[in-house]
Amino acid sequence: MVGKFISFEGPDGAGKTSVLQALLPQLQAHAQQAVVLTREPGGARISEKIRELILDPQNTEMDARTEALLYAASRRQHLVEKILPALAKGAIVVCDRFVDSSVAYQGAGRQIGEDAVLAMNQFATAGVQPALTIYLDVPAAVGLARIQAHRQATQYDRLDRERLDFHERVRAAYLRLAQQQPQRIVTIDATQALSAVVAECLGVIQQTLGAQWQA
Ligand SMILES: Nc1ncnc2c1ncn2[C@@H]1O[C@H](COP(=O)(O)OP(=O)(O)OP(=O)(O)O)[C@@H](O)[C@H]1O
Ligand SMILES: [Mg+2]
């Protein structure tokens with residue numbers, strides 16, 4: 001692997017997608033290699049189909065372990081079809097959510113066990129991990145309030161409808177992961193203004209890229 005793999009994580013409404021949109025042109029301007037921005041299912045056809053199953057509001061009978069297995073399967077296909085080939089070409093691949101999301105949402109949120117979900121995902125990824133994970137931290141209520149302010153209730157998918165305690169468990173799991181893996185995961189206070197969050201993220205990425213970053 002010659003490229004650089006970076007993931008963005010955080011609870012719903014933390015600002016991952018907004019930050020990445022703002023970051024992308026700056027990254028493209030300063031990075032020496034191609035920058036690939038992606039998110040699961042990432043346009044991989046099989047991953048898309050799996051994702052439809054997970055998010056379909058009609059699938060109310062979906063078992064929590066089934067959901068976790070489907071996420072891992074979708075991730076695997078996206079990894080193989082998109083992330084690994086881009087890394088092999090030397091690109092900087094920035095992914096909106098990766099394995100940590102499953103550990104937090106399925107492991108802690110759905111309470112099927114963070115270690116079990118991690119182990120399943122290690123099988124799915126064959127151990128591929130981001131070199132850097134930026135964790136955008138917000139209290140669950142802040143993230144949910146941001147989303148509610150910008151969407152109609154009818155646009156919510158099945159996973160959005162979870163209660164606040166679910167999202168609190170998700171955040172707590174992220175904080176545990178960040179504490180356990182400080183060498184990979186950098187926590188940024190995402191309650192700040194978007195511009196401040198973006199600036200901090202750029203600083204962290206610049207440090208990670210080192211000589212691959214040109215002023
Ligand atoms: N730092 C910020 N301050 C205030 N509002 C923000 C900030 N960052 C993002 N927002 C707003 O919060 C909402 C959610 O942001 P965004 O979609 O980027 O979050 P996300 O982390 O990608 O969420 P999801 O996990 O649901 O995809 C958007 O309406 C966005 O404009
Ligand atoms: Mg998003």
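A polar contact is a pair of N or O atoms within 3.5 Å; within protein, one must be able to donate a hydrogen and the other to accept it, and residues adjacent in sequence count only if both atoms are side-chain atoms. The model is predicted, so local features need pLDDT of at least 70 and side-chain atom pairs pLDDT 80 or more, while totals for chains, interfaces and linings use all residues. Residues are numbered from 1 along each chain as written, chains are lettered from A and ligands numbered from 1 in written order, and side-chain values use heavy atoms, without hydrogens and water.

**Exercise 1.** Describe the polar contacts and the shell of ligand 1.

Solution. 
- Step 1. A polar side-chain atom of Ser18 is 2.5 Å from an oxygen atom of ligand 1.
- Step 2. Helix 1 (16-30) and helix 6 (140-150) each give two or more residues to the shell; helices are DSSP runs of H or I with at least four residues, strands runs of E with at least two, numbered from the N terminus.
- Step 3. The shell counts 16 residues (a heavy atom within 4 Å of the ligand), and Lys16, Thr17 and Arg97 are among the closest.

**Exercise 2.** Follow Arg75 and Glu40 through their contacts.

Solution. 
- Step 1. Arg75 and Glu40 form a salt bridge, 2.5 Å from N to O; the term requires a side-chain nitrogen of Lys or Arg within 4 Å of a carboxyl oxygen of Asp or Glu.
- Step 2. Glu40 is in the loop between strand 2 (35-39) and helix 2 (45-55), and Arg75 is in helix 3 (residues 64-88), so the bridge ties together parts 35 residues apart in sequence.
- Step 3. Arg75 also sits over the face of Phe98, 5.6 Å from the ring centre; for Arg this needs CZ, for Lys NZ, within 6 Å of the centre and within 35 degrees of the ring normal.

**Exercise 3.** Find the backbone exceptions.

Solution. 
- Step 1. Most residues other than glycine have a negative phi, and most peptide bonds are trans.
- Step 2. Glu40 and Pro41 are joined by a cis peptide bond, with omega about 5°.
- Step 3. Arg97 has a positive phi, near 80°, and belongs to the loop between strand 3 (92-96) and helix 4 (99-109).
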